[in-house]
Amino acid sequence: MPFATQDVIGILTDNLRLRGSVLPIPRRHAVSWTRGLDLRRGGDTVLYTGLMYQLIPYIEGLVETEKRLVDSRLASMTALGRRVNRLLNISRFMARPSAQLRAAYDQVPADVARLLKRAGVDFGCLYEDDLYTGALTYDLGSDDAVVEHAGRVQAVLRKNGVKKLITIDPHTTNMLRSVFPKLLPDFDIEVKTYIEVLDEAVSAGRLTPAESAGAAAPSDGTKSVPGPLGELALHDPCVFARYEGIVEEPRRLLTAAGATLAEPEKSGRMTWCCGGPVESLYPEKAHANAVKRAAQLAEASPQIVTMCPLCLVNLRGAAPSGATFDDLSHYLKRAFAS
């Protein structure tokens, strides 16, 4: 039998209230992407991950565990599981991703930091004060918990003297730029995505393709043919395209990087959903939707670019034969920061 949806939502909400994230992860794993980057702590402008890419390996593990347990007796015990979880974080037993998988997703914020440095952007990061924003619980309607958590995030940003945030993913961007100001009337921090910041840098001539730009192996370990970026199909995340109006910026960046864009069916503001973020509640339905979207993208080009960690993991898991999915930052680093 399927898991009781209300209990699953309850566990995620309890985790946000009690542990600061829907799926708490060890702090050393949350900040491991910063190793070797020599980023200053804090400052007026900081690169803010919201932990989204760092969470994906754990979400993958949780979804796989749910698939294994859905037809077992344990699926009927979610109410008990919620009571236990209030005392003991049960997610640590359900999702234990490998160091290799964690490193693959850590590569995204690390690459973004290198790109910002190459563009001459002055920024720091918050390390352990880089908090999850509550995006999934907001999507699931746990409003009271999100308001409470938003206040905690705001307090941490104020403590660190932050005036401007550079975000990486659409969900963190939307929460900080569009949702928090509605929940917190005095939330006045400027929020821009790294995509917008780099687009401005390219337009101003501060960022140009590196002479050594060429092919590099995608972060999922598949092989890449040497040469320029070639033809790419771009998947627009729903939250970027529909809520935040970020459509042309990634296209301009990829074009400046030397890519040829092949527009898939349903692109831009009319994009098709990847199946997330309901994979933690309805993994089979989410996968079915991802299969449809992955096929649409692969028809345009076998090399597909994503800009969202949820899109990346859902579509990569539904990839048809011969299609590869990788994050926008991977291609931009190849072109601008090699």
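Predicted model: local features only at pLDDT ≥ 70, side-chain atom pairs only at ≥ 80, totals over all residues.
**The whole chain**

Begin with the entire protein chain in view. The chain contains 15 helices and eight strands. Of its 338 residues, 55% are buried. Consider next the contacts between residues at least 6 apart in sequence: 81% of these join residues at least 24 apart. The structure also holds 13 salt bridges, some of which are visited below.

**Helices α10 and α15**

Select residues 194-203, which form helix α10, together with residues 328-336, which form helix α15. How do the axes of α10 and α15 cross? The two axes come within 12 Å, and the crossing angle is roughly 25 degrees. Because angles under 35 degrees count as roughly parallel, α10 is described as roughly parallel to α15. The crossing of α10 past α15 is left-handed.

Now display the side chains where the two helices touch. On α10 the contact is made by Y194, I195, L198 and V202, and on α15 by L328, S329, L332 and F336. Seven residues of this contact are nonpolar and one is polar, while none is charged.

The side chains of R177 and E196 meet in a salt bridge, with 3.0 Å from N to O. This pair links distant parts of the chain, since R177 belongs to helix α9 (residues 170-183) and E196 to helix α10, 19 residues apart. Is E196 buried or exposed? E196 counts as buried because its relative accessibility is 13%, under the 20% limit for that class. R177, by contrast, is partly exposed, with a relative accessible area of 23%.

Select E200 and K192 next. These two residues form a salt bridge in which the closest N and O atoms are 2.8 Å apart. E200 is partly exposed, at 37% relative accessibility.

Move to helix α6, residues 99-118, and select D111 and R114. Side chains of opposite charge can pair when their charged atoms come close. Here, the side chains of D111 and R114 meet in a salt bridge at 3.5 Å, N to O. Both residues lie in α6, three residues apart, which is about one turn of the helix. D111 is buried, at 4% relative accessible area, whereas R114 is partly exposed, at 33%.

**The loop residue V162**

Select V162, which is found in the loop between α8 (143-159) and β3 (164-167). Why does V162 count as buried? Its relative accessibility is 7%, and buried means under 20%. To view its surroundings, display G43, D44, V46, L126, L157 and I189, the residues that V162 touches when those up to four places away in sequence are not counted. From this group, keep I189 selected. V162 and I189 are 27 residues apart in sequence, and their C-alpha atoms are 7.5 Å apart in space.

**Two residues with positive phi**

Select D38, in the loop between α2 (27-30) and β1 (45-48). D38 is not a glycine, yet its phi is positive, about 55 degrees. D38 counts as exposed, with 73% relative accessibility.

Then select Y127, in the loop between β2 (124-125) and α7 (135-139). Y127 is buried, with a relative accessible area of 18%, whereas D38 is exposed.

**Helix α14**

The buried residues of α14 are P309, L310, C311, L312, V313, N314 and L315.

Definitions and conventions
Residues numbered from 1 in each chain as written. Heavy atoms only, no water. Buried < 20%, exposed > 50% of the residue type's maximum accessible area, 1.4 Å probe, protein only. Helix = DSSP H or I, 4+ residues; strand = E, 2+ residues; numbered from the N terminus. Contact = heavy atoms within 4.5 Å. Salt bridge = Lys/Arg side-chain N within 4 Å of Asp/Glu carboxyl O. Axes fitted to C-alpha atoms, helices over the stretch in contact; angles between N-to-C directions. Parallel < 35°, antiparallel > 145°, perpendicular 65-115°, else oblique. Left-handed = near helix turned anticlockwise from the far one by under 90°. Nonpolar A, V, L, I, M, F, W, Y, C, P; charged D, E, K, R; others polar.
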